[in-house]
Amino acid sequence: MDDTIVAISTALGVGAISIVRMSGNNCIEIANKVFKGTDLTKVDSHTIHYGKIVVDEEIIDEVLVTIMKSPKTYTTENIVEINCHGGISTTKKIVEILLLNGARLAEKGEFTKRAFLNGRIDLTQSEAVMDLIESKTNKERNLAINNLQGNLLKKIEKLRNEIKDLISHIEVNIDYPEYYDIEIMTEEKTKKIVEKQIKELKELIKESEDHEIIKTGIKTIIIGRPNVGKSSILNSLLEYEKAIVTDIEGTTRDIVEGNISLEGIALNIIDTAGIRKTEDKVEKIGVNKSLSLIEEADLILVVLNGNEKLTKEDKEIIEKTKEKTSIIVINKNDLPKNIETEKLSNRITIETNTTTANGINPLKEKIKELFNLDKIESKKNTYLTNTRQISLAKKSLKSLEEAKKSLEKEEVLDMVEIDLKEAFDNLGKIIGIDYSDEIIDNLFQNFCVGK
């Protein structure tokens with residue numbers, strides 16, 4: 001990391017301001033070569049300077065240059081940020097000039113990667129940076145901010161310190177085996193703390209899995225036979241005309257997607273092609289795709305026409321979704337009811353319509369109730385936020401449970417120590433104390449360039 005990297009840190013396009021960011025030991029000198037104004041090599045840290053980017057006496061742009069000197073920067077290296085006028089041509093030209101003067105184009109996430117490798121942030125905070133960028137709701141943002149502030153780091157460090165203390169006691173026992181009372185004390189203390197840690201990790205894992213919907217949202221599919229009002233329900237939930245609605249069967253032939261926020265949780269909604277037997281090749285592809293989505297969904301909205309009796313297609317769809325998290329939506333309750341609701345007594349059902357102002361509200365309330373959305377909080381709690389973190393926590397939990405078994409069987413403390421060290425190491429991997437280059441490369445390749 002001895003070189004200097006550069007990238008555009010704002011969205012590339014027409015706008016008032018663009019920011020070009022550099023990080024590295026030589027970034028101030030590189031910027032100074034093309035900056036006409038104050039000598040940037042002599043200014044104080046964390047100051048802003050007006051001037052022009054000039055090449056061969058040609059003015060490229062008027063700019064404001066921010067100088068931030070190591071170590072009090074995002075990467076802990078020297079950082080220069082050039083605020084130029086927005087626009088693709090000007091911004092790219094400034095990057096090109098900096099590249100010609102000694103900088104290298106940054107890879108995806110390389111600024112944050114340097115912050116991690118230089119010890120500025122831990123791995124959970126690095127992941128929180130990307131979570132913050134990608135957050136679509138306030139609860140996602142709050143969860144990301146919570147981890148960015150290091151709350152998850154503090155939780156994991158607390159668990160690791162307790163295990164480290166146990167390992168120290170065990171090693172004292174191994175070094176001084178003649179003291180029987182030390183062994184008894186060590187076993188009792190170890191068992192008590194291991195049981196406490198098992199409880200804490202189980203709670204953390206369960207709560208993290210429950211709160212995963214804060215980050216991922218609820219993948220919701222709307223399914224049913226043609227002309228029961230699926231597309232109208234999608235449009236009502238989104239509050240705009242996303243899907244085409246007609247009286248002609250088979251209008252929706254491919255999936256139509258949209259997103260809403262419900263109690264701060266993203267609802268990722270997919271309207272599917274009406275399920276029926278058809279000889280139309282295109283419609284048949286849409287029907288098959290609709291059926292395949294049943295297995296992928298977190299929530300299925302099975303839409304039935306309350307104005308009609310249950311058909312063979314209705315019954316088949318109800319049967320296919322009986323083992324899934326689903327809501328039977330009896331639509332068109334503004335019309336005379338002809339559906340046999342007694343045949344749906346063992347399923348969650350609600351009645352809706354898409355013609356009155358509040359006709360869709362019962363569906364929204366039922367979704368909130370089903371997923372307990374009004375009680376999910378992200379401001380005060382600390383959670384593992386992705387599969388990598390949860391997987392490592394589960395490995396740590398397994399090792400602690402093995403340690404507990406060894407203690408109950410009164411096995412030698414050396415065996416207990418092996419399991420404790422495995423738990424300690426896996427907790428360390430969550431925050432990046434122990435990592436491989438492959439894991440780091442895979443993690444940061446999902447970042448945007450310039451962050």
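# Questions on a predicted model

Tutor: Asp3, Glu77, Arg104, Glu110 and Arg114 are linked in a network of salt bridges. The model is predicted, so local features need pLDDT of at least 70 and side-chain atom pairs count only at pLDDT 80 or more, while totals for chains, interfaces and linings use all residues. Residues are numbered from 1 along each chain as its sequence is written, and side-chain values use heavy atoms, with hydrogens and water left out.

Student: What makes a pair of side chains a salt bridge?

Tutor: A side-chain nitrogen of Lys or Arg must lie within 4 Å of a carboxyl oxygen of Asp or Glu. In general, side chains of opposite charge can pair when their charged atoms come close.

Student: How do you know that lysine 42 and aspartate 39 form a salt bridge?

Tutor: Their closest N and O atoms are 4.0 Å apart, and the definition asks for within 4 Å, so the pair counts.

Student: Which labels do lysine 343 and glutamate 340 get?

Tutor: Lysine 343, at 46%, is partly exposed, whereas glutamate 340, at 13%, is buried. Their side chains meet in a salt bridge of 3.9 Å, N to O.

Student: How far apart in helix 14 are glutamate 417 and lysine 421?

Tutor: They are four residues apart, so about one helical turn separates them. An α-helix has 3.6 residues a turn, so residues three or four places apart point the same way. The side chains of glutamate 417 and lysine 421 meet in a salt bridge of 3.5 Å, N to O. Glutamate 417 is buried at 9%, and lysine 421 is partly exposed at 38%.

Student: Why are helix 13 and helix 14 called roughly antiparallel?

Tutor: Two packed helices are described by the angle between their axes and the distance between the axes. The axes are lines fitted to C-alpha atoms, for helices over the stretch in contact, and angles run from 0 to 180 degrees between N-to-C directions. Angles under 35 degrees count as roughly parallel, over 145 as roughly antiparallel, 65 to 115 as roughly perpendicular and the rest as oblique. The axes of helix 13 and helix 14 come within 8 Å and cross at roughly 165°, so the two are roughly antiparallel.

Student: Which residues of helix 13 and helix 14 meet?

Tutor: Contact means heavy atoms within 4.5 Å. Among the residues that meet are Leu392, Leu400 and Leu407 in helix 13, with Leu420, Leu427 and Ile430 in helix 14.

Student: What makes a set of residues a nonpolar core?

Tutor: The members are buried Ala, Val, Leu, Ile, Met, Phe, Trp, Tyr and Cys residues joined through side-chain atoms within 4.5 Å. The largest such set has 30 residues, and those with the most contacts inside it are Ile163, Leu201, Leu384, Leu420 and Ile430. Helix 6 (151-175), helix 7 (180-210), helix 13 (387-408) and helix 14 (413-431) each supply at least two residues of this core. Leaving aside neighbours within four places in sequence, isoleucine 163 is in contact with Gln197, Leu400, Leu420, Ala423, Phe424 and Leu427. A second, separate core has 27 residues, including Leu237, Ile260, Ile327 and Leu373.

Student: Which label does threonine 76 get, buried or exposed?

Tutor: Its relative accessible area is 19%, so threonine 76 counts as buried. Threonine 76 has a positive phi of about 70° although it is not a glycine, and sits in the loop between strand 5 and strand 6. Proline 71 lies in the loop between strand 5 (58-68) and strand 6 (79-85), and the peptide bond from serine 70 to this proline is cis, with omega near 5°.

Student: What makes lysine 332 partly exposed?

Tutor: Lysine 332 has 23% relative accessibility, which puts the residue in the partly exposed range. Its phi is positive too, about 65°.

Note on methods
Buried < 20%, exposed > 50% of the residue type's maximum accessible area, 1.4 Å probe, protein only.
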